[in-house]
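These are my notebook entries on one structure. I set down below what I looked up, beginning with the surface and ending with a single residue.

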Amino acid sequence: MRAASCETVVLGQQEVAENIMKMRVSWVDEEHAPHAGQFFMLRGWADDEAPFLSRPISLHSFDAQQESLEFLYQVKGEGTEKLSQLEEGDVIRVTGPMGNGFDVQALTAEYKKIAVVGGGIGTAPLYQLCRELAAAGAKPDLFCGFREEVYEMEPYRALCGLVKVSTDTGAVGFHGFVTDLFDAADYDVVVVCGPDIMMKNVAEKCAAAHTKCFVSLEKKMACGIGACLGCTCHTAGGAKSVCKNGPVFDAAEIYGGEVQA
């Protein structure tokens, strides 16, 4: 699918946790309807204004009836800081959808017991995934880990069979790592997005249990279309671009010989 680039309008924005923003923008392009796991390049500042590059932000949700996109992101640099300052009615440039997201049709056709695992802001693309899985007749179990503050978990309860959270501090839910919340052997497939070390640990658990695992990677990107090679990652099949070939990969392909289910 070719991406579209246009200026659109911010419909609303709010801070849902410390340095965590949720922004909704208008998206009326029916020919470029996104799906779970894809991302958009966002720019809320002039072309001649720093930072030079737009910011890649994963899709949190897409509402075709409301003609809107929603993004959940962390403020951690100049670009996301400027995005966080946008208010209702402001103009933003949106380019996308980009990347190859989750193949929900294949997931629901091949696997019955599905676990969705997220860590921190890595939970952002998982809401649309769970929405699409639920629409396809699946009811995944969700396991999410946070450092201390838990956010945006309530909407999942209507979509998932089970919702469990962990925090590093024990402030909410289980005191420990998200990897301790579930047994990979209980599932046919596990889908995970979050910090690399967490995804690798989940992949290793899945490999030991002979459970299929897919990971959604995050990399710094410049172009978003695979031309600049700035988001290249090493895979069992050679170097690949996260933006063009991913961001969703088979875990065994990313971690090579270290993880084989």
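This is a predicted model: local features need pLDDT of at least 70, side-chain atom pairs count only at pLDDT 80 or more; totals for chains, interfaces and linings use all residues.

Residues are numbered from 1 along each chain as its sequence is written, and side-chain values use heavy atoms, with hydrogens and water left out.

Next I looked up burial (buried is under 20% relative accessible area, exposed over 50%, partly exposed in between, with a 1.4 Å probe and protein chains only). Buried residues account for 52% of the 261 in the chain.

For secondary structure I found 6 helices and 16 strands; these are DSSP runs numbered from the N terminus, helices being H or I of at least four residues and strands E of at least two.

I then turned to K22, which belongs to strand β2 (residues 20–26). Is K22 buried or exposed? K22 is buried, because its relative accessible area is 14%. Its side chain makes a polar contact with the side chain of E152 at 3.0 Å; such a contact is a pair of N or O atoms within 3.5 Å, and within protein one must be able to donate a hydrogen and the other to accept it, residues adjacent in sequence counting only if both atoms are side-chain atoms.
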